[in-house]
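Please keep the sequence and the structure in view while reading.

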Amino acid sequence: MADAALQNLFTLFRTGRHAEMVSEARNLLRHHPDEGALWKALSVGQQLLGEDALDALTRARALLPADAEVAANLGVLWMGRGDWPRAHEALRDAVRLQPRLAGAHNNLGNVLLALQRPGEALLAFEAALSIQPTLVLAHGNRGRALLALGQPEAAAGALLQAVDACPSDVTLRLHAATAMRAAGRTADAVLQLRA
């Protein structure tokens, strides 16, 4: 398959023409059904359009087993469906293939929390933060893991760091208030709830 066809798909992606990207990827797949890059492009376009991308991602994953982004995207899709074991497998593969994907580490931590493995989740969030220290979600999620591990004061600190970076996030404030209450800081918890 010509590089020009892939470049055109990338241009459609970059310019926000996602419906055209999906249509063009489908057309190209009629002639190149074993081209993993086309399945990947189709899955990205479908996700951006809010369509079900499971088939395209599964095919892309089979054809591109060394592509960390495909594994990470498949993990997020399984997370959205609440299939924690499949999400865990895909995200574990993603961070093995590309250890510098901060978002994949963060998502892996969320899956581990859902699987009630907070110690491992904490390690995943800390890995995400070592790569991208400004990843607000990872700070908040680190706080949730610390709270699950029975460390409310440390959890409150991590959650307040996330709140400072994103003061309008109500969920972060609620988690911070929960951690503060668990740490015996009721007045501080009330302040977070009022904010």
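Against which helices do the buried residues of α11 pack? They pack against α9, α10 (152–165) and α12 (186–194). Contact here means heavy atoms within 4.5 Å, and buried means under 20% relative accessible area, with exposed over 50% and partly exposed in between (1.4 Å probe, protein chains only). The model is a predicted one, in which local features need pLDDT of at least 70 and side-chain atom pairs count only at pLDDT 80 or more, whereas totals for chains, interfaces and linings use all residues. Residues are numbered from 1 along each chain as its sequence is written, and side-chain values use heavy atoms, with hydrogens and water left out.

Helices (H or I, at least four residues) and strands (E, at least two) are DSSP runs, numbered from the N terminus. On this basis the chain contains 12 helices and 0 strands. Its C-alpha atoms fill a box of roughly 65 × 30 × 25 Å along the principal axes. Of the 195 residues in the chain, 43% are buried. Among the contacts with a separation of 6 or more, 40% come from residues 24 or more positions apart.

Helix α11 spans residues 170–182. Its 13 residues reach 18 Å from the first C-alpha to the last, close to the 18 Å expected at 1.5 Å a residue; the expected span is 1.5 Å times one less than the number of residues. The buried residues of α11 are Leu-172, Arg-173, Ala-176, Ala-177, Ala-179 and Met-180. They lie on the same side of α11 because they cover an arc of only 165 degrees around the axis, the arc being that of the directions from the helix axis to the C-beta atoms. The face turned away from this buried side carries the exposed residues Val-170 and Arg-181. At the start of α11, a side-chain oxygen of Asp-169 comes to within 3.0 Å of the backbone nitrogen of Thr-171. Just after the helix, Gly-184 has a positive phi of about 85 degrees.

Gln-192 belongs to helix α12 and counts as buried because its relative accessibility is 12%. Its side chain is joined to that of Arg-173 by a polar contact of 2.8 Å. A polar contact is a pair of N or O atoms within 3.5 Å; within protein, one must be able to donate a hydrogen and the other to accept it, and residues adjacent in sequence count only if both atoms are side-chain atoms. Leaving aside neighbours within four places in sequence, Gln-192 is in contact with Leu-160, Val-163, Arg-173, Ala-176, Ala-177 and Met-180. His-139, in helix α9 (residues 136–148), is likewise buried, at 12% relative accessibility. A polar contact of 3.4 Å links the side chains of His-139 and Gln-161. Not counting residues up to four places away in sequence, His-139 also touches Leu-129, Pro-133, Ala-158, Leu-159 and Ala-162.

The nonpolar interior comes next. A nonpolar core is a set of buried Ala, Val, Leu, Ile, Met, Phe, Trp, Tyr and Cys residues joined through side-chain atoms within 4.5 Å. The largest such core has 53 residues, and those with the most contacts inside it are Leu-9, Leu-42 and Leu-91. Helix α5 (residues 68–80) gives the most to this core, with 7 residues. Apart from it lies another core of 6 residues, among them Ala-128, Leu-129, Leu-135 and Ala-138. Leu-9 sits in helix α1 (residues 3–14) and is buried, with a relative accessible area of 2%. Beyond four places in sequence, Leu-9 touches Met-21, Glu-24, Ala-25, Leu-28, Leu-38 and Ala-41. With the same exclusion of neighbours within four places, the contacts of Leu-91 include Ala-71, Ala-72, Gly-75 and Met-79.

Helix α1 also holds two phenylalanines, Phe-10 and Phe-13. They form a tilted aromatic pair, 6.2 Å centre to centre and with 35 degrees between the planes. Rings of Phe, Tyr and Trp (its six-membered ring) pair if their centres lie within 6.5 Å; planes under 30 degrees apart count as stacked, over 60 as edge-to-face and the rest as tilted. Because they are 3 residues apart in helix α1, Phe-10 and Phe-13 are separated by about one helical turn. Phe-10 is partly exposed at 42% relative accessibility, and Phe-13 is partly exposed at 33%.
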